[in-house]
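Work through the following exercises with the sequence and the structure side by side, and try each task before reading its solution.

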Amino acid sequence: MNLKQRLTDDMKAAMKSGDKQSLGVIRLINAALKQKEVDERIELDDTAVIAILDKMIKQRRDSVSQYEAAAREDLASIERDEIVVIERYVPAKLGEAEILVVLEEVIAEVGAAAPSDLGKLMGPLKAKLGGKADMGLVSALAKKRLAG
């Protein structure tokens, strides 16, 4: 079952069970997916859906930090609850050790040796790790590895 179908099934289950919070977040996800499909005239696959979900999680984390800075714990709590629901549909992220294994493979493939090679390294890394790992962490590990 693909992610879009799983979201639809979970939305129906949330309607039947009266889980208004999950239902609202799933509807937000479906709206974002539909918007992307309509705007670009494409059918989203699971990789594209995961990319959208990752973006939604990042937006909510940014909102949480802004709400906390403004002492609005009530709004930060709502955003945290939405993150929990969205994370149900994102596969577990790889740990640092697993990222380092892939990083070493790609460094060997592209022959990266210096910090100036970061650009040619990140493309293949994104292709292999996109959706499976936090790309900010991947970038930081790549910079550290190429620096010495």
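**Exercise 1. A glutamate and its surroundings**

In which helix is the place of Glu-82? Decide also whether Glu-82 is buried or exposed, and list the residues that it touches beyond its sequence neighbours.

Solution. Begin by locating the residue in this predicted model: Glu-82 has its place in helix α4, which covers residues 73-87. Next, take its relative accessible area, which is 15%; because buried means under 20%, Glu-82 counts as buried. Finally, set aside residues up to four places away in sequence, and Glu-82 is found to touch Gln-21, Val-25, Leu-28 and Arg-60.

**Exercise 2. Confidence and overall build**

Find how many helices and strands the protein chain has, and state where its confidence is lowest and where it is highest.

Solution. First count the elements: the protein chain has 7 helices and 0 strands, and reading along the sequence gives the pattern α-α-α-α-α-α-α. Then look at the extent of the chain, whose C-alpha atoms fill a box of roughly 55 × 40 × 30 Å along the principal axes. Of the 148 residues, 32% are buried, and among contacts between residues at least 6 apart in sequence, 56% join residues at least 24 apart.

For the confidence, note that the average pLDDT of the protein chain is 92, and that 100% of the residues score at least 70. The lowest confidence belongs to helix α6 (residues 118-129), with a mean of 88, while the highest belongs to helix α4, with 97.

**Exercise 3. The crossing of α2 and α3**

Determine at what angle the axes of α2 and α3 cross, and name the residues that make the contact.

Solution. Two packed helices are described by the angle between their axes and the distance between the axes. Here, the axes of α2 (residues 20-40) and α3 (residues 46-69) come within 10 Å of each other and cross at roughly 125°. An angle from 65 to 115 degrees would count as roughly perpendicular and one over 145 as roughly antiparallel, and α2 and α3 are therefore oblique to each other. The crossing is right-handed.

On the side of α2, the contact is made by Leu-28, Ile-29, Ala-32, Leu-33 and Lys-36, and on the side of α3 by Val-49, Ile-52, Leu-53, Met-56 and Arg-60. Sorted by type, the residues of this contact are 8 nonpolar, no polar and 2 charged.

**Exercise 4. The crossing of α5 and α7**

Carry out the analysis for α5 and α7, beginning with the angle at which their axes cross.

Solution. The axes of α5 (residues 96-110) and α7 (residues 135-147) come within 10 Å and cross at roughly 55°. That makes α5 oblique to α7, and the crossing is right-handed. From α5, the residues Glu-96, Ile-99, Leu-100, Leu-103, Glu-104 and Ile-107 meet Leu-137, Val-138, Leu-141, Ala-142, Arg-145 and Leu-146 of α7. The division by type gives 9 nonpolar, no polar and 3 charged residues.

**Exercise 5. Two loops with a positive phi**

Work out in which loops Arg-41 and Ala-71 have their places, and say what phi each residue has.

Solution. Arg-41 has its place in the loop between α2 and α3, and although it is not a glycine, its phi is positive, at about 55°. With a relative accessibility of 76%, Arg-41 counts as exposed. Ala-71, in turn, has its place in the loop between α3 and α4, where it shows a positive phi of about 60°, again without being a glycine. At 67% relative accessibility, Ala-71 counts as exposed.

**Exercise 6. An alanine and a glycine**

Decide whether Ala-76 and Gly-148 are buried or exposed, and describe where each of them lies.

Solution. Ala-76 lies in helix α4 and counts as buried, because its relative accessibility is 0%. Leaving aside neighbours within four places in sequence, Ala-76 is in contact with Val-64, Tyr-67 and Glu-68. Gly-148 lies in the segment after α7 and is exposed, with a relative accessible area of 95%. Between the C-alpha atoms of Gly-148 and Ala-114 there are 8.3 Å in space, although the two residues are 34 apart in sequence.

Terms used. Residues are numbered from 1 along each chain as its sequence is written. This is a predicted model: local features need pLDDT of at least 70, side-chain atom pairs count only at pLDDT 80 or more; totals for chains, interfaces and linings use all residues. Side-chain values use heavy atoms; hydrogens and water are left out. Axes are lines fitted to C-alpha atoms, for helices over the stretch in contact, and angles run from 0 to 180 degrees between N-to-C directions. Helices (H or I, at least four residues) and strands (E, at least two) are DSSP runs, numbered from the N terminus. Angles under 35 degrees count as roughly parallel, over 145 as roughly antiparallel, 65 to 115 as roughly perpendicular and the rest as oblique. A crossing is left-handed if the near helix is turned anticlockwise from the far one by less than a right angle, and right-handed if clockwise. Contact means heavy atoms within 4.5 Å. Ala, Val, Leu, Ile, Met, Phe, Trp, Tyr, Cys and Pro count as nonpolar, Asp, Glu, Lys and Arg as charged, and the others, Gly among them, as polar. pLDDT is the predictor's confidence in each residue, from 0 to 100. Buried means under 20% relative accessible area, exposed over 50%, partly exposed in between (1.4 Å probe, protein chains only).
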